[in-house]
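I opened the notebook to record what I looked up in this structure, entry by entry. The entries follow the order in which I checked things.

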Amino acid sequence: MTKRTDTRAIMVKDLQIGHQNKIIIQSMCNTKTSDIEATVNQILALEKAGCQLVRLAVVSIDEAKAISEIKKRVHIPLVADIHYDYRIAIECIHQGIDKIRLNPGNIGSKENVRKVVEECKKYHIPIRIGINSGSLEKVIHDKYGKPTAQGMIESAQRHVDILEELDFHDIALSFKSSDVNLCIETYELASKTFPYPLHLGVTEAGTLFTSSIKSSAALSVLLHQGIGDTIRISVNGDPVQEIMIAKQLLKCLHLIDHVPNLIACPMCGRTSYDIESVIKEIEPFLMNINADITVAIMGCAVNGPGEARHADIAIAGGKDEGLLIKKGQIIEKLPTEKMVDRLKEEILKMTADQ
Ligand code: SF4
């Protein structure tokens with residue numbers, strides 16, 4: 001496995017991010033934080049899917065006051081996303097938030113920053129500085145003429161300097177862009193420039209389809225080099241989808257253990273049963289299994305058993321009869337219509353102790 005780039009660890013409640021810790025999967029609620037019921041329900045769904053850290057947009061003091069009630073009803077640490085108003089940050093800290101996302105250069109005077117930093121130090125709250133290519137400072141944009149990796153690093157350096165001058169080092173950094181190449185270049189440069197943990201993500205990545213492609217394209221290049229300590233896949237829609245993509249991405253790169261790996265043959269002229277329906281049933285079933293298991297669904301009994309021999313459990317279907325294959329050995333012949341139920345049964349049995 002690729003050696004991870006070492007970064008300075010930060011604690012977010014009881015979660016350590018950075019250093020050589022496993023990569024943390026995070027997401028963001030798309031509910032109004034003031035709607036406590038909806039926010040709690042969404043966080044609980046995210047937790048169930050495997051989310052380890054969740055961010056909430058907090059746009060007012062009233063919304064900040066909802067944090068303590070939300071925290072009582074969920075289990076994973078919460079991050080408050082704050083823009084411009086330092087008083088909201090302070091209220092969130094007093095309400096028990098675990099981490100803050102805020103750019104210190106955007107909250108007014110040094111005195112405001114100092115007040116936030118003092119509270120963060122007192123309550124052991126880290127700060128993520130989030131640089132977005134679309135909202136670079138005018139002076140940097142003018143200098144480079146367009147968003148560039150150097151410009152984004154320069155912008156981050158300004159915010160980092162403010163915190164370091166106050167002797168604050170519990171920092172995480174993100175550099176988001178909707179441009180995959182720019183994302184890769186910026187994070188590569190950031191990992192050489194800063195000692196702090198990096199939060200990876202492609203912003204405005206779009207739908208489940210486009211985000212899966214853009215996020216995987218950018219993040220796999222970085223993660224393969226050992227860059228990145230926490231990831232967020234941005235998807236328009238239900239954030240639980242973000243967790244599903246994140247888990248599969250980390251699984252492909254061997255950076256997570258307890259996630260199933262699904263192999264399915266692409267089909268060809270030999271396919272003699274409705275394999276597509278089988279895959280559509282097994283894929284969501286596997287999303288609720290937290291185990292390291294490789295499952296293969298093959299379209300025929302001619303090549304299927306051979307092609308599935310590295311899977312822990314597989315089915316290879318025929319027109320009327322299919323095969324159940326465990327660790328490369330055929331263990332059962334069964335009617336095609338019973339294959340899915342038997343496969344599920346076997347998966348549950350094999351993963352019961354994991
Ligand atoms: Fe074709 Fe069979 Fe291979 Fe699937 S497993 S691609 S059906 S030969």
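**Ala-38 and its setting**

I looked up Ala-38 and found it partly exposed, with a relative accessible area of 26%; buried means under 20% relative accessible area, exposed over 50%, and partly exposed in between, with a 1.4 Å probe and protein chains only. The model is predicted, so I kept in mind that local features need pLDDT of at least 70, that side-chain atom pairs count only at pLDDT 80 or more, and that totals for chains, interfaces and linings use all residues. Residues are numbered from 1 along each chain as its sequence is written, and side-chain values use heavy atoms, with hydrogens and water left out.

Ala-38 belongs to helix H1, residues 36-49; helices (H or I, at least four residues) and strands (E, at least two) are DSSP runs, numbered from the N terminus. I also took the C-alpha separation of Ala-38 and Ile-330, which is 48 Å for two residues 292 apart along the chain.

**The whole chain**

Of its 354 residues, 53% count as buried.

**The sheet**

I then traced an open sheet of five strands with mixed pairing, in the order E11-E12-E13-E14-E15, where two strands pair if DSSP finds at least two bridges between them. Strand E11 (261-264) and strand E15 (329-335) are the edges, each pairing on one side only. The twist from one strand to the next averages 15°, with axes as lines fitted to C-alpha atoms, for helices over the stretch in contact, and angles running from 0 to 180 degrees between N-to-C directions.

E11 and strand E12 (residues 294-298) run parallel and are joined by four bridges, and I found Asn-261 opposite Thr-294 in E12. Helix H11 (residues 275-287) packs on the sheet, touching E11, E12 and strand E13 (313-317), and its direction makes about 165° with that of E12; contact means heavy atoms within 4.5 Å. Helix H13 (residues 339-351) also packs on the sheet, touching E12, E13, strand E14 (321-326) and E15, at about 170° to the direction of E13.

**The ligand shell**

Which residues surround the ligand? I listed Cys-265, Pro-266, Cys-268, Arg-270, Thr-271, Gly-299, Cys-300, Asn-303, Gly-304 and Glu-307, a residue being near a molecule if one of its heavy atoms lies within 4 Å of it.
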